[in-house]
Amino acid sequence: MSNFYEEKAAVVGHPVYSLEFAQALDKEDELAEFRSQFIFPEAPESSGRKEVIYLCGNSLGLQPKKLSENIQGQLTKWATQGVEGHFEQPTPWLTIDDIVVNSSATLVGALPSEVVIMQTLTANLHFMMSAFYKPSADRFKIITEKKAFPSDTHAVVSQILYHGYDPKTALIEVAPREGEDTLREEDILETIRTHGSETALVMFSGVQYYTGQFFNLAKITEVGHDLGCLVGFDLAHAVGNVPLKLHEWDVDFACWCSYKYLNCGPGCIGGCFVHERHGKVTSDESGNLVFRNRLSGWWGHRVEDRFLMAPEFIPSVGAYGFRLSNPSVLLITCVRTSLDLFDAAGMDRLRAKSLLLTGYLENLLKSELPDRVKILTPADPNQRGCQLSLCFDIDIDEASKRVAAAGVMCDIRRPNVMRIAPTPLYNSFADVFEFVQLLKKNV
């Protein structure tokens, strides 16, 4: 990747480590126009900047400018139509989640029938595990990464306990080797092979929240299935960040949130993928319904007779059969507003820019601060998304305080990591260059 920047520098006539070079890349950026579609927080007065350099999309994405208008439209509809808003155009509330399914399916590489937008991330993990973690005396283990996002670990441990098993024997965590920061793929696969015959579920992050490592989801799924395990993923840091092909990779289920790279707002509604084979609804020879058991709710009942209010649950075919309650109209509006931008930008173009943007950040850090910053995230671009996780030789709280005062908004994760995520929808190459210069000056 570094050769690209050197060759480009020769073409544009500016050295790689200059603002002019970054600005030249921004002029050629076909996605640059999307930056103007977002609201940037104001920078502290002491920084001398008008807006912050926002590098925190891995934690909370920026607000789209169109959102306020779209939310107000739904509030006005509620005020003027009342309960009839469920049936009246535009976007009848009764089927409002339909308007986000196709775009969501495109982002995660799924059939529209395999996607449902509902609930929030940890709740969805529980709902999915209720359907996919079916431990038995022979198969009761769950394999995951060590130091996963704590909520994932809490959910997994509580599911193990709920089913009457001991996490000390049922939870298998894959850890980095001594002296290393990220997981080796061969160690993940070997762990699955070692414990696979006793494992009910393999569940990893798509992108590891702390290190930014992008796991090989296709290979994990393949090896898990070869040994009879079901395989699911938490895609909180992957959706809208890295290319996903969940249907093609034969993943059983996945869950994600929408407030990070998807820019839908704090605590916004989540999403689930359920492979089409698990969403079938058939009948046996006696006429009894046959479907994958799950925690059920009325919004998952088939649409054609849902409002007959019958006591028997007849699920919709596909992921819609896993719904529980009608979704928030306002939250679906947030998702639709964001997905309009993703539809226009296209994930292929976003990924192409992301590789260059994060590669430029890596290049600058290695050349400008070689002895003061350690990068935990894999150097292989295919094993990461936007985020680079940085360690410093000074206290992480002090480092954060200094860059914040200089007008940079990013986040830290203890014990000693600053996560920097240049996001291709709204970050520029100039953002990256200026951040590294501020880091060099203040850290």
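User: Is D250 buried, partly exposed or exposed?

Analyst: This is a predicted model, where local features need pLDDT of at least 70, side-chain atom pairs count only at pLDDT 80 or more, and totals for chains, interfaces and linings use all residues. Residues are numbered from 1 along each chain as its sequence is written, and side-chain values use heavy atoms, with hydrogens and water left out. Buried means under 20% relative accessible area, exposed over 50%, and partly exposed in between (1.4 Å probe, protein chains only). D250 has a relative accessible area of 31%, so the class is partly exposed.

User: Where is D250 found?

Analyst: Elements here are DSSP runs numbered from the N terminus: helices are H or I with at least four residues, strands are E with at least two. D250 is not a glycine, yet has a positive phi of about 70 degrees. Its place is the loop between α10 (246-249) and β9 (253-256).

User: N263 also has a positive phi; is N263 buried or exposed?

Analyst: N263 is not a glycine, and its phi is about 60 degrees. The residue sits in the loop between β9 and β10. Its relative accessible area is 2%, so N263 is buried.

User: How many salt bridges are there?

Analyst: Side chains of opposite charge can pair when their charged atoms come close. The rule asks for a side-chain nitrogen of Lys or Arg within 4 Å of a carboxyl oxygen of Asp or Glu. By this rule the count is 26.

User: How many residues apart in sequence are the parts that E28 and K8 tie together?

Analyst: E28 and K8 form a salt bridge, with the closest N and O atoms 2.6 Å apart. E28 belongs to helix α2 (residues 19-28) and K8 to helix α1 (residues 2-12), so the pair ties together parts separated in sequence by 20 residues.

User: Is K141 buried or exposed?

Analyst: K141 and E198 meet in a salt bridge at 2.8 Å, N to O. K141 lies in strand β5 (residues 141-145), and E198 in the loop between α8 (185-195) and β7 (199-205), so the pair ties together parts 57 residues apart in sequence. E198 is partly exposed at 33%. K141 has a relative accessible area of 8%, so K141 is buried.

User: How many residues does the largest nonpolar core have?

Analyst: In soluble globular proteins, nonpolar side chains tend to be buried together. A nonpolar core is a set of buried Ala, Val, Leu, Ile, Met, Phe, Trp, Tyr and Cys residues joined through side-chain atoms within 4.5 Å. Those with the most contacts inside the largest core are M128, F204, I220, F233, L235 and W256, and its size is 97 residues.

User: How much space lies in the largest cavity?

Analyst: A cavity is a set of points on a 1 Å grid over the protein atoms alone where a 1.4 Å probe fits but cannot get out; lining residues have an atom within 4 Å of a point. Grid points are joined across faces, edges and corners, and a volume is the space filled by probe spheres set on the points. The structure holds 2 cavities of 30 Å³ or more. The largest has about 70 Å³.

User: Which element gives the most to the lining of the largest cavity?

Analyst: Of the 13 lining residues, the closest to the centre are S104, I117, W256, L262 and V335. Elements that give two or more residues are α4 (98-108), β10 (270-274) and α11. The one that gives the most, with 3 residues, is α4.

User: Which residues line the second largest cavity?

Analyst: About 30 Å³ of space lies in this second largest cavity. The lining is G240, Y261, N263, F342, L350, T423, P424 and L425.

User: What is omega for the cis peptide bond that joins Q89 and P90?

Analyst: P90 is in the loop between α3 (67-81) and α4. The bond from Q89 to P90 is cis, with omega about -5 degrees.

Terms used. 1 Å grid on protein atoms, 1.4 Å probe; cavity = no way out; pocket = protein on both sides within 12 Å on 5 of 7 lines; lining within 4 Å.
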